[in-house]
Amino acid sequence: MTSPKTNAGLISKSFAVFAKDIRLELRSRYALNAILMFGITTLAVVSFSLGQSNLPPHLMAALFWVVMFFSAVAGLAQVFIREEETGTILALKLAAAAEPVYLGKLLFNFFLLTVMVTVITPLFFIFTDAQVVGIAAFSAVLILGVIGLCSATTLVAAIIAKASVKGALFAVLSFPILVPLLLTLVQATQKLFDNGAFDAVMTEMQFLLAYAVVMTTGSILLFKYVWQE
Amino acid sequence: MTGVIIFSYSTPPPQKIIGEASRIFYFHIPQAWICVIAFTMSMIYSIRYLKTRNIVFDDRAYEAARLGFLFCILATITGSIFAKITWGSFWNWDPRETSIFILLLIYGAYFALRGAIEVEEKRAALASVYAIFAFITVPFLIFVLPRIVPSLHPADSVVDSNLKFTMGATVRMIFFTSLAVFTAIFFWIFNLARRLHHINRLMLESED
Amino acid sequence: MYKLIVKNLSKRFGYRKVFSDINFELSIGESIAIIGPNGSGKSTLILTLLGQYRPSKGKVLYLNNNQQELSEENFRSSCALVSPYLQLYSQLTAEENLQFFATLRGLTITGKRIDELLNRVGLEGRGHDLVGEYSSGMTQRLKYALALMSNPDILFLDEPTSNLDDDGKQVVFDIVKEFRTNSIVIIATNERDEYDLAQNQCRLN
């Protein structure tokens, strides 16, 4: 009856949390619907108001990440709010330590955003006339962006799940933390929309990687204090 | 203490190319300096709260943040008055302005979070976590901003070079006095607030 | 030999005092009933004992055989709770719920063991139903299956028979009688016939 305190234990527990959330999500599609509907709506509004006008790359890049940021905000907070509102958080707290829960939720948010990016990005290129030559570099920036977004917002989601007003708080708390990430993403995307390739965005990619690593580490260290409340 | 301020305010002659407007630096820079001190103090007290779970540290983190926010607003106002006079517009999004804007956002978010949690210990822990987490992003900002925002507006170079090249003995004296006085005032108010919190806690306990 | 020591325990939320100066000690094979009117802090006391609330004053200690404090990990694996505040995932089936919590607790659980647990609480054949479709009494029974799954050394029961029919109550009484001989059982209740399930009483007001 004793539980093994190995890393294998941590991985299988984190994965159990992840798999459970995926299963719940597939049965309700609550977060995914919110994210995708939000993304498609904002994208349509943007594209509609742009009309046929050709925007310079830096505005295009900014628009792209504004759409991504707001769609992500619509769904990412759900991971912890759902546990809190259905009252399942107590059972979870009694059964698991902080780390597997955090990692499972992080993984789930990563999944949500990956779906979001794979759906919204092609639509963005259809709706606007943005063009990218360095597709590999662009995908790499997208993936790093998604990892960065998850690493910074999963902890914030855990924090606001404990607060009494949840809705607007998530965007308010996330935005200042995400500013360096979003600025870098916009800059990298701008270079790629402007026919750049890997070598043009090397510095940005290193920065994005550093951001993701630091924020994930910080989150893991801080999450247990949120989890105890 | 306030006497020193008035003194340092009224005596210096306008001695720079920029003219009368340059007087604002006697206030603007110390205010910005206090923003940074207060933000750092708030983070350190947050860490100490999470380590000890002693609510006193949360009171201090909160007070430091409140004062920091106040000075942040002051610095923003004085800064943008100066910007209007020298660069022609109140707001230019140069690196300094952007970073103080984000600092204001972080403080705002911190207070919004505190306002949304009723239970004291919960509020203390979550606000502390947020303060620390937000502080972690500061180095990234410092790295990112100068690269991304075009330095069309030579904010710091004007300030610094002017101070360096034209700072005579009187100016230097007044500037550093002002810096010291502002810092002293900050710690004085902070100390008052800290003691007020302490008394409130004692009263709460004596009711048992 | 496990031991639970509660010393001068007090809890307050802001200005409001919930309970103060609770003292008791329990070893394996001992049980206690926490009784008191609605709003007297029974559930808060249970959650404080479980480490979900930080005590305002006093201490809660769990000691192992060597009189050392239990690690957080060991504490988690040795206690179980049945409470109205404990909710299961309504969009998972009963089996999926049990399976999930077993993995989280680092246990491997077979389909046979799950069937055994469900039989024990009178839910045979209902393992594939979504918990959201269960009645409140069935949900309560499933919470017992979950509590039994980890074979706890300390069993916390908050309103143990709420929503249960007579047959369900009998199941609970049998479980308590079994556990109170080789575990610590803590019951928070208002029902007179449940007072006697425990050897000791702790009255809140």
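Visitor: Which residues does Ile159(A) touch, not counting residues up to four places away in sequence?

Guide: This is a predicted model: local features need pLDDT of at least 70, side-chain atom pairs count only at pLDDT 80 or more, and totals for chains, interfaces and linings use all residues. Residues are numbered from 1 along each chain as its sequence is written, while chains are lettered from A and ligands numbered from 1 in the order in which they are written. Contact here means C-beta atoms, placed from the backbone, within 7 Å. On that basis Ile159(A) touches Leu173(A), Val226(A), Leu113(B), Leu126(B), Val129(B) and Tyr130(B).

Visitor: Which element gives the most to the side of chain B that touches chain A?

Guide: Here 24 residues of chain B meet 24 residues of chain A. Helix 4 (95-115), helix 5 (120-136) and helix 6 (138-148) of chain B each give two or more residues; helices are DSSP runs of H or I, at least four residues, and strands are runs of E, at least two, numbered from the N terminus. With nine residues, the most comes from helix 5 of chain B.

Visitor: How do the residues on that side of chain B divide?

Guide: Ala, Val, Leu, Ile, Met, Phe, Trp, Tyr, Cys and Pro count as nonpolar, Asp, Glu, Lys and Arg as charged, and the others, Gly among them, as polar. The side of chain B that touches chain A divides into 21 nonpolar, one polar and two charged.

Visitor: How many residues does helix 1 of chain A give to the side that touches chain C?

Guide: The contact takes 24 residues from chain A and 22 from chain C. Helix 1 (7-28) and helix 5 (89-95) of chain A each give two or more. The chain A side divides into ten nonpolar, eight polar and six charged. Helix 1 of chain A gives the most, with a count of nine.

Visitor: What distance does helix 3 of chain B reach from its first C-alpha to its last?

Guide: Chain B has eight helices and zero strands. Helix 3 (residues 55-87) of chain B is followed by Gly88(B), whose phi is positive, near 90°. Its 33 residues would be expected to span 48 Å, at 1.5 Å times one less than the number of residues. Close to that, helix 3 of chain B reaches 46 Å.

Visitor: Which strands are the edges of the five-stranded sheet in chain C?

Guide: This open sheet runs in the order 5-6-7-3-8, with parallel pairing; strands pair if DSSP finds at least two bridges between them. Strand 3 (residues 31-35) and strand 8 of chain C pair over four bridges, and Ile35(C) stands opposite Arg203(C). Pairing on one side only are strand 5 (79-82) and strand 8 (200-203) of chain C.

Visitor: Which residue in strand 4 of chain C stands opposite Ser10(C)?

Guide: Chain C also has an open antiparallel sheet of three strands, ordered 2-1-4. Six bridges join strand 1 (residues 3-13) to strand 4 of chain C. Opposite Ser10(C) stands Lys57(C).

Note on methods:
Two residues are in contact if their C-beta atoms, placed from the backbone, lie within 7 Å.
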